[in-house]
Amino acid sequence: MAASSSAAKRIVFTGGSGKAGRHCIPYLLSKGHSVLNVDLVPLDHPKVHTLKTDLTDSGQVFNALSSHFSLSHYENPRGPGGVGVEKPDAVIHFAAYARNLLVPDSETFRGNVLSTYNVIEAACKLGIKKVVIASSETTYGVCFAQGDVDYHCFPLEEDYDNDPEDTYATSKLCGERCARSFARRFPGTDIYALRIGNVIEPHEYEPDFPEYVNKPETRKRNAWSYIDARDLGQICDLCVQKDGLGFQVFNATNDTITTKEPTAEILKKFAPNTPITRQMGEYEAPLSNRKIREVLGYKDVHDWRKYVKV
């Protein structure tokens, strides 16, 4: 049976210096957790050490996941294994090439899939029982599709038939498959994959969101949905606290659609040929977060309407 624990955890967070991680880590710290950032770029935070690690190198990953969190930990007494290193309680894996066209497609695929495999494998073989990985909204097949492509249906939920055509999204689906495989191979290990929506940082609302709201035709590729980076931190914490679910996929988005008009009106206007499979809330985000609300207890905090005048 799934259970929740409010105890402080030791968390290894990969990619914590990135757009999402630099907001998720402070949230995790505010909940009393201790965090080691594993990245190629330092995180500017006085309470978090960054361990520079190439995650495509399996040996480096095994070492990083069995490392001290700071220099002060050398003061710890020796443990049964002869060292004073405490095993992490959880690994959150966000490090990746964040989209297509940052590097050639073959490197996007190699880097993203290999790093995810290495992190999950090391965590499982080291006995770390909770792993959270970043998947993506792009797996729903429209974000990086060529031309104007329709979704199969709305709302977009976790049982969707994901069939993306681009390399980045395919690399993320491969990560989900790795997660499912290792969760089956290591019973008692929870591995949760977050299909993260378009990440919005606090400073981006004022310059960017007015266009999202006033030109909804530009947001079809993101399914008129988003996730506030701080709320993504809450989701990470909820994943760490909820035990016993095995392998799971969760959409990670805020509650509401990024338009002034109700959801039904937007879908009728911009996706008239796409079936609606259930009744949706008046302003429900088409990339639905119903599962994280019902299963993890997610509560939307940073609704875009708090920061943008409609």
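**Pockets and cores in a predicted model**

Helix 3 (105-125), strand 6 (130-136) and helix 4 (167-185) each give at least two residues to the lining of the largest pocket. The model is predicted.

Me: What makes a residue part of the lining of the largest pocket, and which residues are closest to its centre?
Reply: A lining residue has an atom within 4 Å of a pocket point. For the largest pocket 40 residues line the space, and F94, A95, A96, Y97 and A98 are the closest to the centre. Helix 3 provides the largest share, 5 residues.

Me: How many nonpolar, polar and charged residues does the lining of the largest pocket have?
Reply: The lining has 16 nonpolar, 16 polar and 8 charged residues. The space in this pocket is about 980 Å³.

Me: What lines the second largest pocket?
Reply: Its lining is made of E158, Y160, N162, L173, E176, R177, R180, R195, F247 and V249. Helix 4 and strand 11 (247-252) each give two or more of these residues, and the largest share, 4 residues, is from helix 4.

Me: Why is a set of residues called a nonpolar core?
Reply: The term requires buried residues of the listed nonpolar types, joined through side-chain atoms within 4.5 Å. The largest such set has 33 residues; F13, I92, F94, L194, I196, L232 and I235 touch the most other members. Helix 6 (229-241) is among the elements that supply at least two residues, and its 7 residues are the largest share.

Me: Which residues does L232 touch?
Reply: Leaving out residues up to four places away in sequence, L232 touches A20, C24, F94, L194, I196, V199, I227 and A252. A second, separate core has 25 residues, including V119, A122, I128 and A183.

Me: How do you know that helix 6 is mostly covered?
Reply: Buried means under 20% relative accessible area, and 12 of the 13 residues of helix 6 are buried. Among them are L232, I235, L238 and V240, and also D231 and D237.

Me: Why does the length of helix 6 agree with its number of residues?
Reply: At 1.5 Å a residue, its 13 residues should span 18 Å, and the end C-alpha atoms are 19 Å apart; therefore the two values agree.

Terms used:
Residues numbered from 1 in each chain as written. Predicted model: local features only at pLDDT ≥ 70, side-chain atom pairs only at ≥ 80, totals over all residues. Heavy atoms only, no water. 1 Å grid on protein atoms, 1.4 Å probe; cavity = no way out; pocket = protein on both sides within 12 Å on 5 of 7 lines; lining within 4 Å. Points joined across faces, edges and corners; volume = space filled by probe spheres on them. Nonpolar A, V, L, I, M, F, W, Y, C, P; charged D, E, K, R; others polar. Buried < 20%, exposed > 50% of the residue type's maximum accessible area, 1.4 Å probe, protein only. Contact = heavy atoms within 4.5 Å. Expected span 1.5 Å × (residues − 1).
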